[in-house]
Amino acid sequence: TVCVGSSTTYEDWLKGKLESESLGTVATPPANVTVKALDSDNDCPEAMQAGQNVGEGFLSSITVVQSSIDNGAPIAKVGDPVYVEQLAASCDKSGPDPTDFVAAVSKIIDDMHADGTLTTLSMTWFKADLTKPPA
């Protein structure tokens, strides 16, 4: 049994239903796994620490796993990432024309890349530069 956040890509991956054009290599999910979905990824290590039976482990991003370890959860990272997501900002295109909004947000993100702000924030919060493609 593996704990995951409900309606996440991790749940989709474990159930063999992960579909995305932005993913690189995707590992094959384990056979015969039982998925225990909680409201959030963060709920899995918290439930484990509280002694709740939510599985033998949990699947989440390295940031959630490392934060859990840093906060005293008696867990260990196991194996390599099962996939790497390319994350981005998005907007609802069903309302007014979002062209100007998209341009403004894109400029802000580009400027933050250029001046190092995104790297600084990533290092502050995650102790790793997650703004660059994986090596």
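Helices (H or I, at least four residues) and strands (E, at least two) are DSSP runs, numbered from the N terminus. This is a predicted model, where local features need pLDDT of at least 70, side-chain atom pairs count only at pLDDT 80 or more, and totals for chains, interfaces and linings use all residues. Residues are numbered from 1 along each chain as its sequence is written, and side-chain values use heavy atoms, with hydrogens and water left out.

**Exercise 1. The sheet**

Task: Work out the strand order of the open sheet and the sense of its pairing.

Solution. 
- Step 1. Take strand β1 (residues 2-5) and strand β2 (residues 35-38). They pair in the parallel sense over 4 bridges. In β2, Val-35 is the bridge partner of Val-2, and Leu-38 is that of Gly-5.
- Step 2. Now take β1 with strand β3 (residues 57-58). This pairing is also parallel, over 2 bridges. Here Val-2 stands opposite Gly-57.
- Step 3. Assemble. The order is β2-β1-β3, an open sheet of 3 strands with parallel pairing. β2 and β3 stand at the edges with a single partner strand each, so one side of each has no neighbour in the sheet.
- Background: strands of a sheet pair through backbone hydrogen bonds, either parallel or antiparallel.

**Exercise 2. The disulfide**

Task: Find which residues a disulfide joins, and state the handedness of the link.

Solution. 
- Step 1. Apply the cut-off: a disulfide is a pair of cysteine sulfur atoms within 2.5 Å. The structure holds 1.
- Step 2. Cys-3 is joined to Cys-44, S to S 2.1 Å. The angle about the S-S bond is -80°, and the link of Cys-3 and Cys-44 is left-handed.
- Step 3. Cys-3 lies in strand β1 and Cys-44 in helix α2 (residues 43-49), so the pair ties together parts that are 41 residues apart in sequence.
- Step 4. Cys-3 has 0% relative accessibility and counts as buried. Cys-44 is buried too, with a relative accessible area of 0%. Cys-91, at 28% relative accessibility, counts as partly exposed.

**Exercise 3. The pockets**

Task: Which element supplies the largest share of the lining of the largest pocket? Which gives the most to the lining of the second largest pocket?

Solution. 
- Step 1. On a 1 Å grid over the protein atoms alone, a pocket is an open set of points with protein on both sides within 12 Å along at least five of seven lines, where a 1.4 Å probe fits; lining residues have an atom within 4 Å of a point. Grid points are joined across faces, edges and corners, and a volume is the space filled by probe spheres set on the points.- Step 2. The largest pocket has a volume of about 1800 Å³. It is lined by 48 residues, with Tyr-10, Ser-61, Ile-62, Thr-63 and Glu-85 nearest its centre.
- Step 2. α4 (99-115) is among the elements that each supply at least two lining residues. The largest share, 6 residues, comes from α4.
- Step 3. Classify: Ala, Val, Leu, Ile, Met, Phe, Trp, Tyr, Cys and Pro count as nonpolar, Asp, Glu, Lys and Arg as charged, and the others, Gly among them, as polar. The lining of the largest pocket divides into 31 nonpolar, 11 polar and 6 charged residues.
- Step 4. The second largest pocket has a volume of about 220 Å³. Its lining includes Asn-42, Asp-70 and Trp-125. α3 gives the most to this lining, with 6 residues.

Note on methods:
Two strands pair if DSSP finds at least two bridges between them. Buried means under 20% relative accessible area, exposed over 50%, partly exposed in between (1.4 Å probe, protein chains only).
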